[in-house]
Amino acid sequence: NMVLITIPKLTAKAQKVFNAYIRKRDSENGYFTCISCGQTKDTSQMDAGHYVPVKRSSVLRFDEYNVNGECKACNGFDEFHLIGYRRNLVDKIGERMVIRLEQESRLIKKWQRAELQSLIEYYGEINK
């Protein structure tokens, strides 16, 4: 009888492979351009930064449009970095998509075990 991994542990694992995918997608030859400040930096300085934060919206946690390469200096300090983030995100994905993210941020989602396992498999495969 296999013990089921807890939802929080599955969520953390899914977040880890998803973030790895974002860092890979948004970098080239060891460098990336921060979505918020626009500076080009070494990938050692790179986070997978959420436009709409996870604490505000569970539904956008694994949304590829919502998560982008962001430098550690910009990510997670204050709301101010979101001004540059939004402006550069509009350039990257378009105003309509950014507005969709802002509207969807109000939705609540409880991630199910099967969904999390699918995300882990999908992003784990892409990251190879």
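Predicted model: local features only at pLDDT ≥ 70, side-chain atom pairs only at ≥ 80, totals over all residues.
**Exercise 1. Around Asn88**

Which residues does Asn88 touch, not counting residues up to four places away in sequence?

*Solution.* 
- Step 1: Start with the secondary structure, where Asn88 belongs to helix α2.
- Step 2: Look for touching residues beyond four places in sequence, and you find Ile35, Ser36 and Gly38.
- Step 3: Asn88 and Met46 are 42 residues apart along the chain, and their C-alpha atoms are separated by 16 Å.

**Exercise 2. Around Lys24**

Find the helix that holds Lys24, then list its contacts, leaving aside neighbours within four places in sequence.

*Solution.* 
- Step 1: Lys24 has its place in helix α1.
- Step 2: With the sequence neighbours set aside, Lys24 is in contact with Ile126, Asn127 and Lys128.
- Step 3: The relative accessible area of Lys24 is 42%, which makes this residue partly exposed.
- Step 4: Now pick Gly38, which is 14 residues from Lys24 in sequence; the C-alpha to C-alpha distance is 17 Å.

**Exercise 3. The nonpolar cores**

How many residues does the largest nonpolar core have, and which helix gives the most to this core?

*Solution.* 
- Step 1: The largest nonpolar core has 14 residues. Those with the most contacts inside it are Ala14, Phe18, Ile22, Phe62, Leu116, Leu119 and Tyr123.
- Step 2: Trace them back to the helices: α1 (7–25) and α4 (113–126) each supply at least two residues of this core.
- Step 3: The top contributor is α1, with 6 residues.
- Step 4: Zoom in on Ala14. Beyond four places in sequence, Ala14 touches Phe62, Leu116, Leu119 and Ile120.
- Step 5: A second, separate core has 11 residues, among them Ile35, Tyr51, Leu82 and Val98.
- Step 6: For background, nonpolar side chains in soluble globular proteins tend to be buried together.

**Exercise 4. The largest pocket**

Describe the largest pocket by its space, its lining residues and their classes.

*Solution.* 
- Step 1: The space in the largest pocket is about 270 Å³.
- Step 2: Its lining is made of 15 residues, and those nearest the centre are His50, Pro53, Lys55, Asn75 and Gly76.
- Step 3: Two elements give two or more residues to the lining, namely β4 (46–50) and α2 (81–93). The largest share, 3 residues, comes from β4.
- Step 4: Sorted by class, the lining holds 6 nonpolar, 6 polar and 3 charged residues.

**Exercise 5. A positive phi**

Where does Asn29 lie, and is Asn29 buried or exposed?

*Solution.* 
- Step 1: Asn29 sits in the loop between β1 (27–28) and β2 (31–33).
- Step 2: Its phi is near 50°, a positive value in a residue other than glycine.
- Step 3: Asn29 is exposed, with a relative accessible area of 72%.

Technical notes. Residues numbered from 1 in each chain as written. Heavy atoms only, no water. Core = buried A, V, L, I, M, F, W, Y, C linked by side-chain atoms within 4.5 Å. Buried < 20%, exposed > 50% of the residue type's maximum accessible area, 1.4 Å probe, protein only. Helix = DSSP H or I, 4+ residues; strand = E, 2+ residues; numbered from the N terminus. Contact = heavy atoms within 4.5 Å. 1 Å grid on protein atoms, 1.4 Å probe; cavity = no way out; pocket = protein on both sides within 12 Å on 5 of 7 lines; lining within 4 Å. Points joined across faces, edges and corners; volume = space filled by probe spheres on them. Nonpolar A, V, L, I, M, F, W, Y, C, P; charged D, E, K, R; others polar.
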